[in-house]
Amino acid sequence: MNPAELFSHEPNPLRLASGEALFKAGDPGDAMFILLEGALDILANGHLVEQARRGAIIGEMALIDQSPRSGTVVAREASVLAKLDTARFQRLIQQNPFFATHVMKVLVERIRRNDQKR
């Protein structure tokens, strides 16, 4: 499943120019994002930890637990994203269990990658 396909007809996508920050560490976590086009750099403590491509889920941790952002995300190139606030995220996971499972898989993959770096 590629989440970008679920949002291929996004009526109001968020557009970032190359070098523009989507959010910074410490910002409020009031939404998550699906990368529809482009590429993003995900940084933690100033270090590149992931390069996100089409279909990537960004910012889900802060949305799920209402905590501040743990990292900074910057557009590597011009990018287009779908924005999901809490209400939209809740509706989507209720209506589409496959999306909920995909979000869990993304979280598990990130935890496993992080554990391997230790």
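Two strands count as paired if DSSP finds at least two bridges between them. In this predicted model, strand E3 and strand E6 (residues 57-58) pair in the antiparallel sense over two bridges. Within this pairing, Ile34 has Ile57 of E6 as its bridge partner.

Strand E3 (residues 31-37) also pairs with strand E8 (residues 79-85): the two run antiparallel and are joined by six bridges. Here Phe33 stands opposite Lys83 in E8. Six of the seven residues of E3 are buried, so the strand is largely enclosed by the rest of the structure.

A further group of strands forms an open sheet. Four strands make up this sheet in the order E2-E7-E4-E5, with antiparallel pairing. Its edge strands are E2 (21-23) and E5 (47-52), each of which pairs on one side only. On average, neighbouring strands of the sheet are turned by 30° against each other, direction ignored. Inside the sheet, strand E4 (residues 40-44) and strand E7 (residues 72-75) pair in the antiparallel sense over four bridges. Ile42 has Val73 in E7 as its bridge partner.

| Strand pair | Sense | Bridges | Bridge partners |
|---|---|---|---|
| E3 and E6 | antiparallel | two | Ile34 and Ile57 |
| E4 and E7 | antiparallel | four | Ile42 and Val73 |

Is Glu10 buried or exposed? Its relative accessibility is 14%, and because the cut-off for buried is under 20%, Glu10 counts as buried. Leaving aside residues up to four places away in sequence, Glu10 touches Leu36, Ala82, Lys83 and Arg88. With Arg88 there is a polar contact between the two side chains, at 2.8 Å.

Helix H4 (residues 97-117) has 21 residues, which at 1.5 Å a residue should span 30 Å; the end C-alpha atoms are 31 Å apart, which agrees. The buried residues of H4 are Phe99, Ala100, His102, Val103, Val106 and Arg110. Seen down the helix axis, these buried residues fall within an arc of 165°, so they line one face of H4. The face turned away from that buried side carries the exposed residues Pro97, Phe98, Lys105, Ile111, Arg112 and Gln116.

Definitions and conventions: Residues are numbered from 1 along each chain as its sequence is written. This is a predicted model: local features need pLDDT of at least 70, side-chain atom pairs count only at pLDDT 80 or more; totals for chains, interfaces and linings use all residues. Side-chain values use heavy atoms; hydrogens and water are left out. Axes are lines fitted to C-alpha atoms, for helices over the stretch in contact, and angles run from 0 to 180 degrees between N-to-C directions. Buried means under 20% relative accessible area, exposed over 50%, partly exposed in between (1.4 Å probe, protein chains only). A polar contact is a pair of N or O atoms within 3.5 Å; within protein, one must be able to donate a hydrogen and the other to accept it, and residues adjacent in sequence count only if both atoms are side-chain atoms. Contact means heavy atoms within 4.5 Å. The expected span of a helix is 1.5 Å times one less than its number of residues. The arc is that of the directions from the helix axis to the C-beta atoms.
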